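Trainee: I would like to work through this model one question at a time. Can we go through it together?

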Amino acid sequence: MEYRVLKYFLAVAREENITKAADVVHVSQPALSRQLMQLEEELGTELFVRGKRKITLTPAGILLRRRAQEIIELTEKTCREVSSDDQELSGIISVGSGEGETFRLFSLIMEDFLHQHPQVKFDLYSNNGDLIRERLERGLLDIGIIFGPNDRDLAKYDFLKLPEKERCGVIVPKDNPLASKDFVTPEDLIGQKLMLSKRAGVLGITRWAGEPFARYTIPITYNLAYNAAMLVSRGMGIAQTIEGAVSLYRNPGIVFKPFSPPLEITSCMVWKKNQPQPPAVHSFIAYVKQQFTGGSPE
């Protein structure tokens, strides 16, 4: 599969129309159609359902779209790194992070680094720790910020523990009886409609809850806190989260209540072991280490 043809394929998948896609990629409609048919022949499967008004993807096409996006992204990232100018630090640093107070502190270091190296840019990706590690493994991220990592999470990486800790608890509607409590205990969650983060187990929620966890009603699991907070504000239940994520939204219809006994999680900056880093990435990692440990940058 050629890089050029994958870009054609993505244009058609996005536009859902051969003529519109041909305009976007600046080729003729017959030439684009021919390239797509050759791609399907090469793969031995149909990628499109060709309707009268629009083109949609088959299951194989949906899979290829995901892989093609990753291939294009990785190819362009590699080209930028190889062709970077050694005279002045430049390049794009890809960072993945969840939502939390830790990233606020990390963003201050990013800001200082950009002031010193204005030719550097950051590309941010927000998701949970599992998907951040997946993108690190595929080379689509240079650095990840992972909340509540365990030893297995960190085995493949070099890492730096960050000083900020995240306090765990639940967000509840202001009219929920739990809103009047200073803290929420494991027993308090029995009988509530509880939304759980997909990484709740990694964060230690099941251990914290103990025996009552088996009696929880969990109708919804989620990735990031924004949508969960919206559902809570509509009265659809309560959501387990970390305090720093809630503070980002300033939603007047919900309140955060910390767990009792307290449950706090640490966070780490991680990057792949034994892998040559582009100059901008190498310099930024050294700068973060220096800021948090007080040592000299490498």
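Trainee: Which residues does Pro-149 touch, not counting residues up to four places away in sequence?

Mentor: Bear in mind that this is a predicted model. Pro-149 sits in the loop between E5 and helix H7 (151-154). Leaving out residues up to four places away in sequence, its contacts are Leu-154, Thr-266, Ser-267 and Cys-268.

Trainee: Is Pro-149 buried or exposed?

Mentor: The cut-off for buried is under 20% relative accessible area. Pro-149 has 15% relative accessibility, so Pro-149 counts as buried.

Trainee: How far apart in space are Pro-149 and Phe-256, C-alpha to C-alpha?

Mentor: In sequence, 107 residues separate Pro-149 and Phe-256. In space, C-alpha to C-alpha, the distance is 23 Å.

Trainee: How are H5 and H11 oriented to each other?

Mentor: Two packed helices are described by the angle between their axes and the distance between the axes. For helix H5 (residues 101-116) and helix H11 (residues 279-293), the axes come within 11 Å and cross at roughly 125 degrees. H5 passes H11 in a right-handed crossing. Angles from 65 to 115 degrees would be roughly perpendicular and those over 145 roughly antiparallel, so H5 and H11 are oblique.

Trainee: By class, which residues make up the contact of H5 with H11?

Mentor: From H5 come Leu-105, Phe-106, Ile-109, Met-110, Asp-112, Phe-113 and Gln-116. They meet Ala-280, Ser-283, Phe-284, Tyr-287, Val-288, Gln-291 and Phe-292 of H11. The class count for this contact is 10 nonpolar, three polar and one charged.

Trainee: What do the buried residues of H11 pack against?

Mentor: Those buried residues are Ala-280, Val-281, Phe-284, Ile-285, Ala-286, Tyr-287 and Val-288. Their partners are H5, strand E3 (91-97), strand E4 (120-126), strand E5 (143-147), strand E6 (157-173) and strand E11 (264-272).

Trainee: How far apart are the end C-alpha atoms of H11?

Mentor: H11 has 15 residues, and the rule is 1.5 Å a residue. The expected span uses one less than the number of residues. That gives 21 Å, which agrees with the distance between the end C-alpha atoms, 21 Å.

Trainee: Is H1 roughly parallel or roughly perpendicular to H3?

Mentor: The axes of helix H1 (residues 3-15) and helix H3 (residues 29-43) come within 10 Å and cross at roughly 105 degrees. The range 65 to 115 degrees applies, so H1 is roughly perpendicular to H3.

Trainee: How many nonpolar residues are in the contact of H1 with H3?

Mentor: H1 contributes Arg-4, Val-5, Tyr-8, Phe-9 and Val-12, and H3 contributes Leu-32, Gln-35, Leu-36 and Leu-39. One residue is polar and one is charged, and the nonpolar count is seven.

Trainee: How many charged residues are in the contact of H1 with H2?

Mentor: H1 and helix H2 (residues 18-25) pack at about 130 degrees with their axes 8 Å apart, which makes H1 oblique to H2. Lys-7, Tyr-8, Ala-11, Val-12, Arg-14 and Glu-15 of H1 meet Ile-18, Lys-20, Ala-21, Val-24 and Val-25 of H2. This contact has seven nonpolar residues and no polar ones; the charged residues number four.

Trainee: What share of the residues in the protein chain is buried?

Mentor: The protein chain holds 11 helices and 11 strands. Its C-alpha trace spans about 65 × 55 × 35 Å along the principal axes. Of its 298 residues, the buried share is 44%.

Methods. Residues numbered from 1 in each chain as written. Predicted model: local features only at pLDDT ≥ 70, side-chain atom pairs only at ≥ 80, totals over all residues. Heavy atoms only, no water. Axes fitted to C-alpha atoms, helices over the stretch in contact; angles between N-to-C directions. Helix = DSSP H or I, 4+ residues; strand = E, 2+ residues; numbered from the N terminus. Parallel < 35°, antiparallel > 145°, perpendicular 65-115°, else oblique. Left-handed = near helix turned anticlockwise from the far one by under 90°. Contact = heavy atoms within 4.5 Å. Nonpolar A, V, L, I, M, F, W, Y, C, P; charged D, E, K, R; others polar. Buried < 20%, exposed > 50% of the residue type's maximum accessible area, 1.4 Å probe, protein only.
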